[in-house]
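This report describes the secondary structure, helix packing and nonpolar cores of one protein model. The structure is shown first.

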Amino acid sequence: ANILFSGSWDSTVRMWDVSTATCLYVATEHHGDVYGLTASPLRPFLLISSSRDTSLRFWTCEDLALPFLLQALLKPTEFPGMTGEATANDVFGERPRQLLAGSGSQQIALAISVLSDPMASQKVDLYRILLRFFSFRNGLSDLWDICRAIRGEQPSSSSHRIVHEMGLITAQSADAQQLLAQTGVMGGTTRREERIMKAADIFLRIGDLRSYCGAMCEAGH
């Protein structure tokens, strides 16, 4: 609640501690006036800036989030006490208090309160809720589904499937073999070579070097 971000005509994005009126960090990656800053209430530690240099830049502020994240992971039932609108005393008092303000943190507090046993059987759900709010990493949603699969639980989305690597390799190999089987029954010489080369590329991707070499020889390479 004591943190302020600003964008300026000097091409910088700055992070301020309002309680002490000090600049904590200066980002200089933009090459033109910074026109806009925004963050989602559901992911407040991911900041997006727009600039006259025609770029959008994404900034993660996980150093700010780390103390809150550790406290929430260790004592999830105390998370509601970490949220709320800061008073003047919280910001400018002798002992400034850091709070998570905004609708997003309130929704997280509500989601945690719904969990019947956040420290035991529902740990995966707890970690998913907290890390999605405090951190930004591609692939995290897949990680939670993998954890659920290991624990014998249903994935969070019916559209997600956990597939073993060997299953993918077998399916890719079957596709390549089907392409090779088609080379003798359809298309001219050019199309035949295209299908063989496509099959060879699949074999190479899945690490089947023997079949790759065989396909390349068949294609005349």
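At what angle do helix α3 and helix α4 pack, and how far apart are their axes?

## Basis of the model

This is a predicted model, in which local features need pLDDT of at least 70, side-chain atom pairs count only at pLDDT 80 or more, and totals for chains, interfaces and linings use all residues. Residues are numbered from 1 along each chain as its sequence is written, and side-chain values use heavy atoms, with hydrogens and water left out.

Helices (H or I, at least four residues) and strands (E, at least two) are DSSP runs, numbered from the N terminus.

## Packing of α3 and α4

Helix α3 (residues 103–114) packs against helix α4 (residues 123–134) at an angle of about 175 degrees, and the axes are 10 Å apart. Axes here are lines fitted to C-alpha atoms, for helices over the stretch in contact, and angles run from 0 to 180 degrees between N-to-C directions. The two helices are therefore roughly antiparallel to each other; angles under 35 degrees count as roughly parallel, over 145 as roughly antiparallel, 65 to 115 as roughly perpendicular and the rest as oblique.

On the α3 side, G104, S105, I108, A111 and I112 take part, and they meet L126, I129, L130 and F133 in α4. Contact means heavy atoms within 4.5 Å. By class, the contact has seven nonpolar residues, two polar and no charged. Ala, Val, Leu, Ile, Met, Phe, Trp, Tyr, Cys and Pro count as nonpolar, Asp, Glu, Lys and Arg as charged, and the others, Gly among them, as polar.

## Nonpolar cores

A nonpolar core is a set of buried Ala, Val, Leu, Ile, Met, Phe, Trp, Tyr and Cys residues joined through side-chain atoms within 4.5 Å. Buried means under 20% relative accessible area, exposed over 50%, and partly exposed in between (1.4 Å probe, protein chains only).

The largest core has 18 residues, of which F45, F79, L100, I108, I112, L130 and F134 touch the most other members. Two or more residues come from each of α1 (62–74), α3 and α4, and α4 gives the largest share, five residues. Beyond its neighbours within four places in sequence, I108 is in contact with F79, I129, L130 and F133. Another core, of twelve residues, lies apart from the largest one and includes A199, F203, M216 and A219.

## Sheet β1-β2-β3

Three strands form an open sheet in the order β1-β2-β3, with antiparallel pairing; two strands pair if DSSP finds at least two bridges between them. β1 (3–7) and β3 stand at the edges with a single partner strand each, so one side of each has no neighbour in the sheet. Neighbouring strands are turned by 25 degrees against each other on average, direction ignored.

Strand β2 (residues 13–17) is joined to strand β3 (residues 22–27) by five bridges, and D17 stands opposite T22. These strands form a hairpin with four residues between them. A21, in the loop between β2 and β3, has a positive phi near 55 degrees and is exposed, at 64% relative accessible area. S11, in the loop between β1 and β2, also is not a glycine and has a positive phi of about 75 degrees; S11 is buried, at 16%. Most residues other than glycine have a negative phi.

## Sheet β4-β5-β6

A further open sheet has the order β4-β5-β6 and antiparallel pairing. Its edge strands, β4 (34–40) and β6 (56–60), each pair on one side only. Five bridges link β4 to strand β5 (residues 43–51), and T38 stands opposite I48 in β5.
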